[in-house]
Amino acid sequence: MGALFFLSERGNAANEDFAYVGALPGGGSFGLVIDGATGLIALPPVSVDFATNAQWFSHTVGSMTCRALEAGEPAEAALRGAVAAAREELEAALGCPVGELDSAAVPSATLALAVVGEKDVELWGLADSPLVVLLRSGEALVSTDEVLEGLDGRVVELMVERSSGRRLSVAEKRALVREEVVANRRLRNTEGGYWCLDPTGEGLAHVRQILLPREDVIAVAGMSDGLFRAFGQYGLERLGEWMASATFFSALSLCDRMRVLEASDPNLERFPRMKLGDDVSIFWLGM
């Protein structure tokens, strides 16, 4: 097992991300990032042990998946078992099948999972937490959900258009596109929409799965979109160069630089986005 680390930092009232790295029985390693999204319509709390239902969902599925992987279960079985257990807990807490709930009220999440075995690197992805692979050729491969990124990008464009020339707070700007945000959320796990983790488990049949020879890979990382923004919209680092020498401390430094930049743009004007700052999470596995 090579070098590895994970990091998760709160960007809002509650950190709804889950991040972890661990060892596989007999050698190898894995990394997992799950970025939770709270429902947009009020729903009673599933568990009083968590600040939001999204935090409950990401941490429940995340911790159970990690335990299963550490016990030797294959990735697909680990994920399906964890989601099924979360569904059972949700339905017991709310007293009804998840299918009877408004889909916009049910928590959901992304998935970025890498499993490094003796010969292969398995990647499992859902929604917009990118998986990044640095190859020995020097190329950096990125796997993410372009449909979801396009939906989110259009909402931000509409927010900018509708708020142009008006002195509005961040909350007021977000209110201008609430209907579009809810409409997008109702596209999750539907044909023509986007696929993600939620308690129904329907997204798992559409997971982005990639298998690479381990000998071709230098490092692999999974990130929440809150961190990936540093390489895209913010332009703070070049992705491939950063991946080649990443450490826990360089990731922490990058988070600090992001927070300074975001604080310098409190009205979301220089870097249009839906919130001042987001939760940031990453796992990184070196071969």
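A residue is called buried when its relative accessible area is under 20%, exposed when over 50%, and partly exposed in between (1.4 Å probe, protein chains only). The structure described here is a predicted model, in which local features need pLDDT of at least 70 and side-chain atom pairs count only at pLDDT 80 or more, while totals for chains, interfaces and linings use all residues. Residues are numbered from 1 along each chain as its sequence is written, and side-chain values use heavy atoms, with hydrogens and water left out.

The protein chain contains eight helices and eleven strands; these are DSSP runs numbered from the N terminus, helices being H or I of at least four residues and strands E of at least two. The radius of gyration, taken over C-alpha atoms, is compared with a globule rule of 2.2 Å times the number of residues to the power 0.38. For the protein chain the radius is 19 Å, close to the 19 Å that the rule gives for 287 residues, so the chain is as compact as a globular protein of that length. Its C-alpha atoms fill a box of roughly 55 × 45 × 35 Å along the principal axes. Of the 287 residues, 49% count as buried. Among contacts (heavy atoms within 4.5 Å) with a separation of 6 or more, 69% join residues 24 or more positions apart.

A nonpolar core is a set of buried Ala, Val, Leu, Ile, Met, Phe, Trp, Tyr and Cys residues joined through side-chain atoms within 4.5 Å. The largest such core has 35 residues, and those with the most contacts inside it are I34, V61, L111, L113 and L197. Two or more residues are given to this core by each of β3 (29-37), α1 (53-70), α2 (75-94), β5 (111-116) and β6 (120-126). The largest share, seven residues, comes from α2. With residues up to four places away in sequence not counted, I34 touches E16, D17, F18, S58, V61, G62, A109, T110, L111 and L197. Another core, of 25 residues, lies apart from the largest one and includes Y234, L239, A251 and I282.

A127, in the loop between β6 and β7 (131-135), has a positive phi of about 65°. This residue is buried, with a relative accessible area of 3%. L268 has a positive phi near 60° and lies in the loop between α8 (248-263) and β11 (280-286). L268 is also buried, with a relative accessible area of 4%.
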